Amino acid sequence: MRYVLKKDFAQFFKKNSKLVAGIFVVLLFYSIYAKYNYDSTKQVFVAILGLYMDKNSFSADMVVFFFHIVVFIYIVLYLFFSMFRGNIENLFLRLPMKKWFFYKQISIFLVTILLKSSFYIIFSIISGYFDFFHVLSYFCIDVIFVITIQELLMFLLFLFYKNKVFFLLSSLFLIGIFLIFHFPLMVLKIQKQYFFVAVYAVFAFLFFFINGVFAKKSSMHLFEGSR
Amino acid sequence: MKIEVKNVSKEFKKVVVLHDVNVTFEEGKIYGLVGRNGSGKSVFLKMLCGFYTPTSGEILYDGINFIKEKTFPSDTRALIEKPDFISDLTGYENLELLAQIQGKIGKEEIVEVLKKLHLEKDMDKKFSKYSLGMKQKLGIAQVLMEDPKVMILDEPFNGIEDETVEELRDWLLEEKKRGKIIVLATHIKDDIAKIVDELYKFNGETMTKVSLEK
């Protein structure tokens, strides 16, 4: 596990340091905008984190919402494919694919948590919103949501390499589900929807196990697809 | 131990890279694979390691088809194409991390391999500071350090000084005597002609046995 974690952390933060800095700069600029547009510190805080959306929401909030999603989708794509660059034989002749996939999940989870917690600490200070239990509750819900999206994305990646038609159909279906269920959930204010959050967590676990099976069964598709 | 490659063909998007390759690798022998760049050597080696699936045919390690079992051959180490390690770690730290995955060897064995490859002075340098030859040596070190039964080396002598190449050749001959299967691939026949027991040439989509004139 140490090899996977060290390689991922070293590569991700070294090769993406400018990108990570850029993400913070974009959000800092948006925090200025949010301070002028919202009255309460709580609204400013959730808006910077891309969690603020109600019926009268600004289109900028929606952009920030997708910005956060794209950032964490990028993390998955980058970390998932990083091992297929360079010498795959160093690692995969020593480590079974299933174990690699499990370690990779931990690695993606840790990078996600690290970035998310940095966001929450910095933007809690900037927005001046210090209600610890609310911040923690947002953080947990947000992490569950992001991890579900990441697991779904990995599932789609496996499908992409295995069967392009099935990939296309599944993508359309999942995007449809997302638009039908997630957006109303956001509109109704995410922090009160514990049932939906639990559903997300169940989906994240479900896709985690399916992806684990895929990782073992379709390793060759991954290697050949990444050449 | 025996590796049997039976009627193996490989296509990528309907482009035939290898067609009907047949060869048996037996223990206690060094096998040479020669062919120009892009002739399919690396693809063949990746199939030997179980990373690519043959379009048809099978590869058996002592009768076991690892590819069918969706796993990778055990006790096999390889260096295919250019060596790649974590650039911020030292040469030693990189090998230590890899060795920890299976926990078969410790510091002593790692340092011993590094000494044999004349890398001990540079083992505490970061990989990013290594020269091409040093990177290549580290790649070879990760193949040799855990004393595997099967060693697969693609262009092993790239960028390595003549003196060390000679020592490496002697070392590979010693390993051969210890019953290892060693597969060396190169585009320069002279690099390996002195030490191989059998030589195969990749030509077009086929692999043919070449007679050895020693």
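**Figure 1. Polar contacts join chain B and chain A.** Across the interface of chain B and chain A, nine residue pairs are in polar contact, with both partners at pLDDT 80 or more. The model is predicted. On the chain B side, strand E1, strand E5 (76-79) and helix H2 (91-102) each supply at least two of the residues that touch chain A. H2 of chain B gives the most to this side, with five residues. By class, the side of chain B that touches chain A holds 18 nonpolar, seven polar and nine charged residues. Three salt bridges also cross the interface of chain B and chain A. One of them is shown by B:Asp88 and A:Lys14, whose side chains meet at 3.4 Å, N to O.

**Figure 2. The area buried between chain B and chain A.** The contact takes 34 residues from chain B and 25 residues from chain A. About 2800 Å² is buried between the two chains. Carbon and sulfur atoms give 57% of that area. Three residues of chain B stand out here: B:Phe51, B:Lys70 and B:Phe72. Together they supply 24% of the area that chain B buries against chain A, more than any other three residues.

**Figure 3. An aromatic cluster includes rings of both chains.** Ring pairs link A:Phe80, A:Phe92, A:Trp100, A:Phe101, A:Phe155, A:Phe158, A:Phe203, A:Phe207 and A:Phe214 with B:Phe51 and B:Phe72 into a cluster. B:Phe51 and B:Phe72 are also among the three residues that lead the area chain B buries against chain A. Over all chains, the count of aromatic pairs comes to 38.

**Figure 4. B:Phe85 and B:Phe127 form an edge-to-face pair.** The two ring centres are 5.2 Å apart. The ring planes meet at 65 degrees, and planes over 60 degrees apart count as edge-to-face, so this pair is edge-to-face. B:Phe85 sits in the loop between E5 and H2 of chain B. B:Phe127 sits in the loop between H3 and H4 of chain B. The pair therefore ties together parts that are 42 residues apart in sequence. B:Phe85 is buried, at 4% relative accessible area. B:Phe127 is likewise buried, at 4%.

**Figure 5. Two residues of chain B have a positive phi.** Most residues other than glycine have a negative phi. B:Lys13 has a positive phi of about 50 degrees, although it is not a glycine. B:Lys13 is found in the loop between strand E1 (2-12) and strand E2 (15-26) of chain B. B:Lys13 counts as exposed because its relative accessibility is 84%, and the cut-off for exposed is over 50%. B:His118 is the other residue in this view, with a positive phi near 55 degrees. B:His118 belongs to the loop between helix H3 (107-116) and helix H4 (132-144) of chain B. At 35% relative accessibility, B:His118 counts as partly exposed.

Figure 6. Chain A has 10 helices and zero strands. Along the sequence, its pattern reads α-α-α-α-α-α-α-α-α-α. Of the 227 residues of chain A, 52% count as buried. A:Gln105 lies in helix H6 (residues 97-127) of chain A. Its relative accessibility is 6%, so A:Gln105 counts as buried. Leaving out residues up to four places away in sequence, A:Gln105 touches A:Glu151, A:Met154 and A:Phe208.

Figure 7. A:Gly212 lies in helix H9 (residues 194-217) of chain A. A:Gly212 counts as buried because its relative accessibility is 11%, and buried means under 20%. A:Gly212 and A:Lys98 are 114 residues apart along the chain. Their C-alpha atoms are separated by 6.3 Å. Apart from residues up to four places away in sequence, A:Gly212 touches A:Lys98 and A:Phe101. A:Phe101 also belongs to the aromatic cluster that includes B:Phe51 and B:Phe72. Among contacts in chain A between residues at least 6 apart in sequence, 76% join residues at least 24 apart.

Terms used:
Residues numbered from 1 in each chain as written. Chains lettered and ligands numbered in written order. Predicted model: local features only at pLDDT ≥ 70, side-chain atom pairs only at ≥ 80, totals over all residues. Heavy atoms only, no water. Helix = DSSP H or I, 4+ residues; strand = E, 2+ residues; numbered from the N terminus. Buried < 20%, exposed > 50% of the residue type's maximum accessible area, 1.4 Å probe, protein only. Contact = heavy atoms within 4.5 Å. Buried area = accessible area lost by both parts, 1.4 Å probe. Salt bridge = Lys/Arg side-chain N within 4 Å of Asp/Glu carboxyl O. Polar contact = N/O pair within 3.5 Å; in protein donor to acceptor, adjacent residues only side chain to side chain. Nonpolar A, V, L, I, M, F, W, Y, C, P; charged D, E, K, R; others polar. Phe/Tyr/Trp six-rings, centres within 6.5 Å; stacked < 30°, edge-to-face > 60°.
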